[in-house]
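Take a look at the model below before reading on. The paragraphs that follow walk through its charged pairs, its ring pairs and its nonpolar cores.

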Amino acid sequence: MKLRTYIVEDNATIRENLIATLEELAEIESVGIAETESDGTDWLTRNAEQWDLAILDLFLRQGSGLGVLAACGKRLPHQKIVVLSNYATPDVRTRCAQLGVDAVFDKSNEIDALVDYCIQVSADHKSALLNRSNGS
């Protein structure tokens with residue numbers, strides 16, 4: 001089973017390249033996208049059982065990825081949220097951590113680390129599902 005991933009990113013080129021890369025390398029399945037804080041927040045909170053990973057940009061067409069992150073504070077235990085931004089400064093990383101992010105990656109130089117993270121989360125997710133189906 002692939003990692004059901006929702007992407008909140010307003011740049012179509014970045015979004016499409018990210019989805020293609022992660023679907024090829026990290027066994028994710030894109031379950032939807034949003035370009036604004038309100039659309040991302042709405043979908044993620046209304047479809048709580050339909051996603052395993054959310055990838056958020058900070059600066060959106062309307063609103064902020066921080067708002068989406070804050071709205072998802074009470075997500076299910078297996079669900080992961082990461083921020084992928086050109087502005088992954090120490091202050092931004094601290095603020096994201098305060099809001100419960102699982103990881104922060106810089107778009108300019110940490111894409112490989114994001115791919116590795118997604119591969120690990122996918123493997124952990126599969127293992128948990130197998131354990132559940134085996135009654136462990």
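**Charged pairs, rings and cores**

Asp52 and Arg4 form a salt bridge, with their closest N and O atoms 2.9 Å apart. The model is a predicted one. Are the two partners buried or exposed? Both Asp52 and Arg4 are buried.

How many salt bridges does a search of the whole structure find? It finds nine. Another of them joins Lys107 to Asp57, the closest N and O atoms being 3.3 Å apart. Lys107 lies in the loop between strand E5 (103-106) and helix H5 (111-133), and Asp57 in the loop between E3 and H3, so the bridge ties together parts 50 residues apart in sequence. Lys107 has a relative accessible area of 14%, which is under 20%, so it counts as buried. Asp57 is buried too, at 6% relative accessibility.

Glu110 also lies in the loop between E5 and H5, and its partner Arg93 is in helix H4 (residues 90-98), 17 residues apart. Their salt bridge brings the closest N and O atoms to 3.0 Å. What is the accessibility of Glu110? Its value is 22%, so Glu110 counts as partly exposed. Arg93, with a relative accessible area of 29%, is partly exposed as well. Salt bridges with shared partners also build a network: Glu9, Asp57 and Lys107 are joined in one.

Now the aromatic rings. The whole structure holds three aromatic pairs. Why is the pair of Tyr6 and Trp43 called stacked? Their ring centres are 4.3 Å apart and their planes meet at 5 degrees, so the pair is stacked; planes under 30 degrees apart count as such. Tyr6 is buried, at 2% relative accessibility.

Next, the nonpolar interior. In soluble globular proteins, nonpolar side chains tend to be buried together. Here the largest nonpolar core has 19 residues. Which members touch the most others? They are Val8, Leu44, Leu56, Leu69, Ile81 and Cys96. At least two residues of this core come from each of E1, strand E3 (53-56), helix H3 (65-71) and strand E4 (80-85). A second, separate core has 18 residues, including Ile55, Val82, Leu84 and Ala103.

Leu69 shows what such contacts look like in detail. Residues up to four places away in sequence aside, Leu69 touches Leu56, Ile81, Cys96, Leu99, Gly100 and Val101.

Finally, follow the chain to helix H5, where Ser122 lies. Ser122 is buried, with a relative accessible area of 4%. What does Ser122 contact beyond its neighbours within four places in sequence? The partners are Leu3, Ala26 and Glu27. Ser122 and Ile28 are 94 residues apart in sequence, yet their C-alpha atoms are 7.4 Å apart in space.

Ser122 falls within an annotated span: an unreviewed UniProt entry gives "domain: Response regulatory" for residues 4-122. The end C-alpha atoms of that span lie 9 Å apart. Residues 4-122 are 44% helix and 22% strand.

Methods: Residues are numbered from 1 along each chain as its sequence is written. This is a predicted model: local features need pLDDT of at least 70, side-chain atom pairs count only at pLDDT 80 or more; totals for chains, interfaces and linings use all residues. Side-chain values use heavy atoms; hydrogens and water are left out. Rings of Phe, Tyr and Trp (its six-membered ring) pair if their centres lie within 6.5 Å; planes under 30 degrees apart count as stacked, over 60 as edge-to-face and the rest as tilted. Buried means under 20% relative accessible area, exposed over 50%, partly exposed in between (1.4 Å probe, protein chains only). A nonpolar core is a set of buried Ala, Val, Leu, Ile, Met, Phe, Trp, Tyr and Cys residues joined through side-chain atoms within 4.5 Å. Helices (H or I, at least four residues) and strands (E, at least two) are DSSP runs, numbered from the N terminus. Contact means heavy atoms within 4.5 Å. UniProt positions are given in the numbering used here, feature names are shortened, and annotations may be inferred rather than shown by experiment. A salt bridge is a side-chain nitrogen of Lys or Arg within 4 Å of a carboxyl oxygen of Asp or Glu.
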